[in-house]
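Colleague: Hi! Could you walk me through this one while I have it open on my screen?

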Number of protein chains: 2
Amino acid sequence: MSTSTIGVPLTRVVVMGGTHGNEMSGVCLVKKWIKDSSELCRETFKAEPFLANPRAVERCVRFIDQDLNRSFSMEKLSASECENDPYEIKRAREIYQRYGLNLSSADFIFDLHNTTSNMGTTLLYCKLDDYLALHMARYLQINCDDASLPCRIFFIDIPEKDNVYLQNIAKHSLTLELGPQPQGVTRADILIRMKNLVNCGLDFIDVFNQGKEFPSFETEIYRVASKMHYPRGADGEIQAFIHPKLQDNDYLPLNPGDPMFKTIQGEDIFYEGEKTIYPAFINEAAYYGNNVAFVVTEKVHFTVPTLRLKH
Amino acid sequence: MSTSTIGVPLTRVVVMGGTHGNEMSGVCLVKKWIKDSSELCRETFKAEPFLANPRAVERCVRFIDQDLNRSFSMEKLSASECENDPYEIKRAREIYQRYGLNLSSADFIFDLHNTTSNMGTTLLYCKLDDYLALHMARYLQINCDDASLPCRIFFIDIPEKDNVYLQNIAKHSLTLELGPQPQGVTRADILIRMKNLVNCGLDFIDVFNQGKEFPSFETEIYRVASKMHYPRGADGEIQAFIHPKLQDNDYLPLNPGDPMFKTIQGEDIFYEGEKTIYPAFINEAAYYGNNVAFVVTEKVHFTVPTLRLKH
């Protein structure tokens, strides 16, 4: 297996919170770090805390006009500015100017999120060949204080040109998605878990920058396959909700014939697919708007090459 | 012990959902019953489903301008109308006209709510002498399908003239507060539990209307004593959150010296009161705005007199 190398140390590291203004772990941590960022210092760099959507944070809502984390399309970022652009489009341009343009782009972005789903610690990435993100994920799985909690790798396989996520503007990135936590609520256990994960990720970058070689490994990842929608009636209303036997079972196998939805009348609706799937983001509050009951993933194995700085 | 009597059967019964537009159990059930209310029919009456805050429901938010469930003050309801009144004040007047004026006022209102707190089934009432509500609560505790789940009586002791809750406009009322459920999420188990509770409550009214006498009983209620606030810094930011050992322990005793908050730095803050309290609405999302970390209740015993229709 070949070795993957990176030319220069990662010195421009950003910790983003409040990309969604009501996902409170990142909001609280980044606000704290903006006041005192000493915790983000390492020998080889100092990470920068950044509040991505301050107006949404102020109102404790996911977004003002549209989802900021779906606003980073190259088409929109490069379009000419317009007074009537949605707030998040304007904000995405500002963030892109600051952290995304090629010469000055961030080496690494942590994007801190919460979900109402029972997803434990989810490490989400979008670029198949971002081996640095995968080595960091492995490092978090092994070294972080909360290793006893499930810590899974979630892969959204999108061509870079179609990627509209904030994390896409950096050279390398990882989205931390912690749950379950209701929108607008801060749970201390999840807050501390996220703090530990970020610190552990910064340690990884520091060790990498200092020349440590990370050996090849094989890993299990949950790759997005499709989305499962709520059944809706002719009037547009949802007819059936996540079945109690599926609720909170993120990442566990859903087999053909298993109960999937329950109607308000109490009837069961079963999963009728042909193969086992691994649901994630089950009953996520923010996904009702797009009628997504859960994200369908398949479990795949993937070999990550050895990683080191180019000598 | 004396007997409490009620002069006439309860025939005007209302089931309110969506008083808070993002508390989904009541929203879903009431929308369903508006389309087909046959489930709300009993021998002696037919209950009426009513969506209290349709604009908030449409946007899936708690309220548009201000909390509808704090908008029923007699002062505001009787003030002259004004174009610039907040939406919820206008809506409260409409609801009051329809269900609250003396001659036509509702005999009973169920007000359906959810909480992000781990409060199981909470039966909330505000009028100490609403013995009918207390007999219904007892009936729900004994008869409803979900009797195995904790089902507690929660009493807010406010003089009627200061009461700003929707439930206050009816002759008798009970607020059903089910959790934990994130805002904007429908959990099937909680939806079905609420449906069963409402049906069981309607059964109680029907049996009462048919002349059944309900004997006196002694009950345990959680009476609101005060509110516990989050510690905030000079900059207004919350300094410490609900301690993991208190989180989800609604209605369990919090003793002097028990951990209560945890700071972002990881330090514990202890409860320093002199007597045991029973926290409820622990880490409720909607209460951050008023800086309420939890509601302090004390457990008291109360004897409810025999209840029957006046012959």
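Colleague: Great. What should I know about the model and the numbering before we start?

Modeller: This is a predicted model, in which local features need pLDDT of at least 70 and side-chain atom pairs count only at pLDDT 80 or more, while totals for chains, interfaces and linings use all residues. Residues are numbered from 1 along each chain as its sequence is written, chains are lettered from A and ligands numbered from 1 in the order in which they are written, and side-chain values use heavy atoms, with hydrogens and water left out.

Colleague: Thanks. How many residues does α6(A) have, and how many Å does it reach?

Modeller: Helix α6(A) has 22 residues and reaches 32 Å from first to last C-alpha, close to the 32 Å expected at 1.5 Å a residue. That expected span is 1.5 Å times one less than the number of residues. Helices here are DSSP runs of H or I with at least four residues, strands are E runs of at least two, and both are numbered from the N terminus.

Colleague: Why do you call α6(A) largely enclosed?

Modeller: Because 17 of its 22 residues are buried, α6(A) is largely enclosed by the rest of the structure. Buried means under 20% relative accessible area, exposed means over 50%, and partly exposed is in between, with a 1.4 Å probe and protein chains only.

Colleague: And what follows α6(A)?

Modeller: Gly211(A) follows, and its phi is positive, near 105 degrees.

Colleague: How does α1(A) cross α6(A), and at roughly how many degrees?

Modeller: The axes of α1(A), residues 24-35, and α6(A), residues 188-209, come within 9 Å and cross at roughly 60 degrees. That makes α1(A) oblique to α6(A). Angles under 35 degrees count as roughly parallel, over 145 as roughly antiparallel, 65 to 115 as roughly perpendicular, and the rest as oblique. The axes are lines fitted to C-alpha atoms, for helices over the stretch in contact, and the angles run from 0 to 180 degrees between N-to-C directions.

Colleague: Which residues make that contact?

Modeller: From α1(A) they include Cys28(A), Leu29(A) and Trp33(A), and from α6(A) they include Ile190(A), Leu191(A) and Met194(A). Contact means heavy atoms within 4.5 Å. The contact residues divide into seven nonpolar, two polar and two charged.

Colleague: What about α5(A) against α6(A)?

Modeller: The axes of α5(A), residues 131-143, and α6(A) come within 9 Å and cross at roughly 125 degrees. That makes α5(A) oblique to α6(A). Among the residues in contact are Leu132(A), Met136(A) and Tyr139(A) of α5(A), and Leu197(A), Phe204(A) and Phe208(A) of α6(A). The division there is 10 nonpolar, three polar and one charged.

Colleague: Over to chain B. Is α1(B) mostly covered or mostly open?

Modeller: Mostly covered: nine of the 12 residues of α1(B) are buried. Val27(B), Leu29(B) and Trp33(B) are among them. The cover includes β9 (240-242) of chain A, together with elements of chain B, including β2 (13-17) and α6 (188-209).

Colleague: Where is Pro259(B), and what does it touch?

Modeller: Pro259(B) is in strand β10, residues 259-263, of chain B. The residue is buried, with a relative accessible area of 18%. Leaving out residues up to four places away in sequence, Pro259(B) touches His243(B), Lys245(B), Leu246(B), Leu254(B), Ile269(B) and Phe270(B). Pro259(B) and Phe270(B) are 11 residues apart in sequence, with their C-alpha atoms 4.2 Å apart.

Colleague: Now the backbone. Which residues does a cis peptide bond join in chain A?

Modeller: A cis peptide bond joins Gly179(A) and Pro180(A), with omega about 5 degrees. Pro180(A) is in the loop between β7 (172-179) and α6 of chain A. In chain B, a cis peptide bond joins Gly179(B) and Pro180(B), with omega about 5 degrees. Most residues other than glycine have a negative phi, and most peptide bonds are trans.

Colleague: What is the phi of Tyr251(A), and is that residue buried or exposed?

Modeller: Phi of Tyr251(A) is positive, near 75 degrees. Tyr251(A) sits in the loop between β9 and β10 (259-263) of chain A, and at 2% relative accessibility counts as buried.

Colleague: And Phe281(A)?

Modeller: Phe281(A) has a positive phi of about 50 degrees, although it is not a glycine. Phe281(A) is buried, with a relative accessible area of 4%.

Methods. Ala, Val, Leu, Ile, Met, Phe, Trp, Tyr, Cys and Pro count as nonpolar, Asp, Glu, Lys and Arg as charged, and the others, Gly among them, as polar.
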